[in-house]
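User: I would like to learn how to read the features of a model such as this one. Could you take me through them, beginning with the pocket?

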Amino acid sequence: EAEVAQSPRYKITEKSQAVAFWCDPISGHATLYWYRQILGQGPELLVQFQDESVVDDSQLPKDRFSAERLKGVDSTLKIQPAELGDSAMYLCASSQETGLNTEAFFGQGTRLTVV
Amino acid sequence: GNSVTQMEGPVTLSEEAFLTINCTYTATGYPSLFWYVQYPGEGLQLLLKATKADDKGSNKGFEATYRKETTSFHLEKGSVQVSDSAVYFCALREREAGNMLTFGGGTRLMVKP
């Protein structure tokens with residue numbers, strides 16, 4: 001069964017260090033999303049790609065976060081420098097399109113702990 | 001802007017009890033509504049959805065009816081099982097917001113044998 005792959009599953013990093021997360025969406029899915037889920041809260045969209053283009057990054061803290069999807073397939077989310085408040089689960093999702101009724105498929109996430 | 005509000009958890013029930021998790025939303029137009037479930041250690045999975053007023057989504061014994069007059073999409077199940085223990089997220093997509101998927105804060109359900 002096709003699934004969204006994320007790595008690593010867990011990451012511990014010291015504050016002020018750089019950290020990167022990787023996501024491989026379901027084959028053929030043009031839309032890719034990165035969400036941040038703080039413990040006890042719902043996911044919040046950080047960035048949305050349509051193929052290789054950013055569609056929405058209005059909630060991405062651009063002074064320290066960056067995201068790319070160079071070939072329109074897999075994607076990398078980077079944080080530099082990491083801060084204590086960045087500790088959260090980072091979820092990647094993909095969908096075939098961005099229609100009103102479209103289901104988004106989620107990966108298992110990367111749990112980041114900044115110490 | 002859009003928002004989704006869910007009842008705070010955790011909700012603790014005994015096996016075979018009736019479940020209701022409340023969800024209300026704020027939207028400009030006519031959103032599509034979703035319930036996602038997150039089992040321990042796993043990613044979010046779509047549980048059910050409804051795309052217009054009075055539609056009922058259903059799956060695995062769970063149901064939710066799109067109520068436009070009360071802007072609600074409450075999740076129900078007649079008889080919960082231990083295996084239903086998870087976190088449940090209500091979400092919406094609205095065309096006026098670029099079809100962005102917006103989530104509520106989640107409700108943890110714990111079912112005891």
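Analyst: In this predicted model, strand S12 of chain B gives the largest share of the lining of the largest pocket, four residues; strands here are DSSP runs (E, at least two residues) numbered from the N terminus. A pocket is found on a 1 Å grid over the protein atoms alone, as an open set of points where a 1.4 Å probe fits, with protein on both sides within 12 Å along at least five of seven lines, and its lining residues have an atom within 4 Å of a point.

User: What ground rules apply to the numbering and to the values?

Analyst: Residues are numbered from 1 along each chain as its sequence is written, while chains are lettered from A and ligands numbered from 1 in the order in which they are written. As the model is predicted, local features need pLDDT of at least 70 and side-chain atom pairs count only at pLDDT 80 or more, whereas totals for chains, interfaces and linings use all residues, and side-chain values use heavy atoms, with hydrogens and water left out.

User: How much space lies in the largest pocket, and which residues are the closest to its centre?

Analyst: A volume is the space filled by probe spheres set on the grid points, which are joined across faces, edges and corners; for the largest pocket that space is about 500 Å³. Its lining has 27 residues, and those closest to the centre are A:Leu39, A:Arg111, B:Gln38, B:Val87 and B:Arg108. The elements giving two or more residues to this lining are S10 and S12 (107-112) of chain B. By class the lining has 11 nonpolar, 12 polar and four charged residues, where Ala, Val, Leu, Ile, Met, Phe, Trp, Tyr, Cys and Pro count as nonpolar, Asp, Glu, Lys and Arg as charged, and the others, Gly among them, as polar.

User: How should I read the interface, and what area is buried between chain B and chain A?

Analyst: The size of an interface is often given as the accessible area lost when the parts come together. With a 1.4 Å probe, and summed over both parts, the area buried between chain B and chain A is about 1,700 Å², of which carbon and sulfur atoms give 49%. The count of salt bridges between the two chains is zero, a salt bridge being a side-chain nitrogen of Lys or Arg within 4 Å of a carboxyl oxygen of Asp or Glu. On the side of chain B that touches chain A, strands S5 (32-38), S6 (44-50), S10 (86-93) and S11 (101-103) of chain B each supply at least two residues, and S5(B) gives the largest share, four residues. In contact terms (heavy atoms within 4.5 Å), 22 residues of chain B meet 22 residues of chain A.

User: Which backbone features deserve a second look?

Analyst: Most residues other than glycine have a negative phi, and most peptide bonds are trans. Here the peptide bond from A:Ser7 to A:Pro8 is cis, with omega near -10°, and A:Pro8 sits in the loop between strands S1 (5-7) and S2 (10-13) of chain A. In chain B, a cis peptide bond joins B:Gly9 and B:Pro10, with omega about 0°. A:Asp51, which is not a glycine, has a positive phi of about 55°, and its place is in the loop between strands S5 (44-50) and S6 (53-56) of chain A.

Conventions:
Buried area = accessible area lost by both parts, 1.4 Å probe.
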